[in-house]
Amino acid sequence: MSHKYIALEGNIGSGKTTLSTKLAETLDARLILEEFKENPFLPLFYENPSRYAFSLEMAFLADRYHQLQQYIANDLFQTITLADYSIYKSLIFAQNNLKDQELVLYKNLFEIIARSLKQPDLVIYFNRPISTLLTHIKKRNRPYEQNIKPEYLSDIQSHYTQLFKQNDKIPVVVLEADNYDFLNSDEDFKHLQDIMFQNFSPGLNFL
C-alpha cells in the first residue's frame, strides 16, 4: 500500500470519526481521533462565538499539532495511520470563525506549524448535504452542537472546497457520502477500503 498516512475529512456530522474507527479496526491501523472533548472553549464558543473564537481556534491548533507530531513523527513501524482530521481543519475553521487581525495572526502561526508536520499521503473528504449533517448532529445529541445553524455548516463546506481547489500537493478524494452506506453495506465498505489502496494525482479527485 502506497499510503501510509491517510486523513479522513468532512464537515461537522459527516461521520468521519465513526468510519475512521471502523476502518482502523478492519485494517489494524493506528488510529488518531481528534480530542475535541478536551477543549474547554468549545461549549463557550457556541454560546458566544465572537468572544471565544480566537481562544477556541488557538487551543485546537495547539492540541492538533501536539497530537499529530507525537503520533506521526514517532511511529516508524505502523503499516497505516488513520486520522479523523488533518491539520488543515484548523485553517478551515479559523477562516470561518476569525476576522481581521486575529485571522492574520492565526494564519502566520498556522503556516509555521503546518510546515513542521508530515502531510497526509491521501485525504478522503466525505461530502454530505447540509440536511444530512444536521440530522447526524441532532442524532448524536451533543448539547453544545444543537444550535448549529445550516448557514454555519454551509460556510464551513465552502471553506473546505476553496482550500481543496488551491491544493496541488496532496491527493484529495471527494466522496458523495450519501450515495453509500459504509456502516451497513459490506460492498460499500469494501469500496472505501479499495479507494485507500489506489493511487491518485495530487489535487482534487472526484468519485
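The model is predicted: local features need pLDDT of at least 70, side-chain atom pairs count only at pLDDT 80 or more, and totals for chains, interfaces and linings use all residues. Residues are numbered from 1 along each chain as its sequence is written, and side-chain values use heavy atoms, with hydrogens and water left out. Helices (H or I, at least four residues) and strands (E, at least two) are DSSP runs, numbered from the N terminus. Buried means under 20% relative accessible area, exposed over 50%, and partly exposed in between (1.4 Å probe, protein chains only).

**Aromatic pairs**

- Rings of Phe, Tyr and Trp (its six-membered ring) pair if their centres lie within 6.5 Å; planes under 30 degrees apart count as stacked, over 60 as edge-to-face and the rest as tilted.
- The count by this rule is eight aromatic pairs.
- Tyr-88 and Phe-110 form an edge-to-face pair, because their ring centres are 5.9 Å apart and their planes stand at 65 degrees.
- This pair links distant parts of the chain, 22 residues apart: Tyr-88 is in helix H4 (residues 88-97) and Phe-110 in helix H5 (residues 100-115).
- Tyr-88 is partly exposed at 24% relative accessibility, whereas Phe-110 is buried at 4%.
- Tyr-125 and Tyr-160 make a tilted pair, because the centres are 5.0 Å apart and the planes are at 40 degrees.
- Here too distant parts of the chain are linked: Tyr-125 lies in strand E4 (residues 122-127) and Tyr-160 in helix H7 (residues 150-166), 35 residues apart.
- Tyr-125 and Tyr-160 are both buried.
- Phe-45, Tyr-46 and Tyr-144 are joined into a cluster by ring pairs.

**Charges over rings**

- A charge sits over a ring if NZ of Lys or CZ of Arg is within 6 Å of the ring centre and within 35 degrees of the ring normal.
- Lys-22 places its charged end over the ring of Phe-189, 4.3 Å from the centre.

**Helix H4**

- H4 is largely enclosed by the rest of the structure, because eight of its 10 residues are buried.
- Among the buried residues of H4 are Lys-89, Asn-96 and Asn-97, along with Leu-91, Ile-92 and Phe-93.

**Positive phi**

- Most residues other than glycine have a negative phi.
- Asp-28, not a glycine, has a positive phi of about 55 degrees.
- Asp-28 lies in the loop between helix H1 (16-27) and strand E2 (30-32), and is exposed at 62% relative accessibility.
- Asn-141 also has a positive phi, near 60 degrees.
- The loop between helix H6 (130-140) and H7 holds Asn-141, which is exposed at 52% relative accessibility.

**Cavity and pockets**

- On a 1 Å grid over the protein atoms alone, a cavity is a set of points where a 1.4 Å probe fits but cannot get out, and a pocket is an open set with protein on both sides within 12 Å along at least five of seven lines; lining residues have an atom within 4 Å of a point.
- Grid points are joined across faces, edges and corners, and a volume is the space filled by probe spheres set on the points.
- There is one cavity of 30 Å³ or more, and the largest cavity has a volume of about 40 Å³.
- Its lining consists of Glu-34, Glu-35, Phe-36, Phe-60, Asp-63, Arg-64 and Gln-67.
- The largest pocket holds about 780 Å³ of space.
- Its lining has 38 residues, with Gly-13, Ser-14, Gly-15, Lys-16 and Arg-140 nearest the centre.
- The second largest pocket holds about 570 Å³.
- Of its 21 lining residues, Tyr-88, Leu-91, Phe-110, Leu-163 and Asn-167 are closest to the centre.
- H4, H5 and H7 each give at least two residues to the lining of the second largest pocket.

**Val-172**

- Val-172 is in strand E5 (residues 171-176) and is buried at 2% relative accessibility.
- Leaving aside neighbours within four places in sequence, Val-172 contacts (heavy atoms within 4.5 Å) Val-123, Phe-164, Asn-167, Gly-203, Leu-204 and Asn-205.
- The C-alpha atoms of Val-172 and Glu-145 are separated by 27 Å, with the two residues 27 apart along the chain.
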